[in-house]
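Good morning, and thank you for joining. I would like to take you through one structure, from the overall layout down to single residues. Please look at the display first.

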Amino acid sequence: MADQETNGYNDEASDFKRKSNASLREIDPDDDGEEASKQSEKVQEYIRNILNERVALDRKYPIADRLLQVEVETAQKNGKPPARRYIDIYREKPIKLQVKVIVPVKEHPKFNFVGKLLGPKGNSLKRLQEDTMCKMAILGRGSMKDRKREEELRLAMDPKYAHLNDDLHVEINALGPPAEAHARIAYALAEVRKFLIPDSNDFIRQEQMREMLEDPECDLPVKKAYKKSIAPHASAHDGLPSSGMMSSSPVPASSRSLPPQRKVLSILDKARVALEDTHFPR
């Protein structure tokens, strides 16, 4: 991967740690302490049954053992055993959705996908989350800039950093009424896909470069090289007479055309437009 420092991505923004999803968990106001205690007992019993099955397998089947371990971690994170869930669209009961999008680093090992997804100071990823109304995190092997630190955390076997054993991916979470939650995920998938195209000179990269050039705190070699490249053009234009510019009369305020009003799109409309642009490009 290319050096992320030369692309304007700092340590603070590129150190991806798994954030707590507590805020995404569905909270039922009808649940009381007794119900919570029953849920805790159920999940503990469920975990004990899984551990007993792992002991019975005696690690003879490593894939099955791995799946059981994942199930234990999932039950511990959710605080309840898995159950068949129905979507209540009559009451518009909020649901939580999560998808993990693989980053194609195996197909393009030299491209800096993490830098492109993050953007200068993490602004690209922040805007993605704001636009799609989803929470996103870049996780997996290669998600941390400090590779030595990443290897230490991976070997520490801390459940908080268990994602470092997985392939590099983008985790997308959405919480909302059923139709809207699925629309947010669809919109997020269509938008994230644009960042997974290994093009260093597409519209996204150009916008990120423009953002770095306009940032007064950004002092990177790529910015200095760009200034040197435009210096000869600027000096050539300095010698041109400016009379033509001074003689132009100001346009009356009444004759100025107002910008067209933009239609306010719902998240469903945005998802539909994004999917149409993805599958049926103009």
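The protein chain comprises 11 helices and 3 strands. Please bear in mind throughout that this is a predicted model. Read from the N terminus, the order of the elements is α-α-α-β-α-α-β-α-β-α-α-α-α-α. Of the 282 residues in the protein chain, 30% are buried. As for contacts between residues at least 6 apart in sequence, 78% of them join residues at least 24 apart.

Let me turn to the sheet. The 3 strands form an open sheet in the order E1-E3-E2, and the pairing is antiparallel. Strand E1, residues 95-102, and strand E2, residues 135-139, stand at the edges with a single partner strand each, so one side of each has no neighbour in the sheet. On average, neighbouring strands are turned by 15 degrees against each other, direction ignored.

What joins E1 to E3? The antiparallel pair of E1 and E3, the latter spanning residues 169-176, is joined by 8 bridges. Within this pairing, Leu97 has Ala174 in E3 as its bridge partner, and Gln98 has Asn173. On the E2 side, 5 bridges join E2 to E3, again in an antiparallel arrangement. There, Ala137 is partnered by Glu171 of E3. How enclosed is E3 by the rest of the structure? Of its 8 residues, 7 are buried, so E3 is largely enclosed by the rest of the structure.

Setting aside neighbours within four places in sequence, Leu196 is in contact with Val101, Ile102, Val103, Pro104, Phe113 and Leu117.

Is Pro104 buried or exposed? Its relative accessibility is 18%, and the cut-off for buried is under 20%, so Pro104 counts as buried. Not counting residues up to four places away in sequence, Pro104 touches Phe113 and Leu196. Pro104 can also be placed relative to His169: the two are 65 residues apart in sequence, while their C-alpha atoms are 8.7 Å apart in space.

Finally, I turn to helix H8, residues 203-214. This helix has 12 residues and reaches 16 Å from its first C-alpha to its last, close to the 16 Å expected at 1.5 Å a residue. Which residues of H8 are buried? They are Ile204, Arg205, Gln208, Glu211 and Met212. Viewed down the axis of H8, these buried residues fall within an arc of 120 degrees, so they line one face of the helix.

Thank you; I would be glad to take your questions.

Conventions. Residues are numbered from 1 along each chain as its sequence is written. This is a predicted model: local features need pLDDT of at least 70, side-chain atom pairs count only at pLDDT 80 or more; totals for chains, interfaces and linings use all residues. Side-chain values use heavy atoms; hydrogens and water are left out. Helices (H or I, at least four residues) and strands (E, at least two) are DSSP runs, numbered from the N terminus. The expected span of a helix is 1.5 Å times one less than its number of residues. Buried means under 20% relative accessible area, exposed over 50%, partly exposed in between (1.4 Å probe, protein chains only). The arc is that of the directions from the helix axis to the C-beta atoms. Two strands pair if DSSP finds at least two bridges between them. Axes are lines fitted to C-alpha atoms, for helices over the stretch in contact, and angles run from 0 to 180 degrees between N-to-C directions. Contact means heavy atoms within 4.5 Å.
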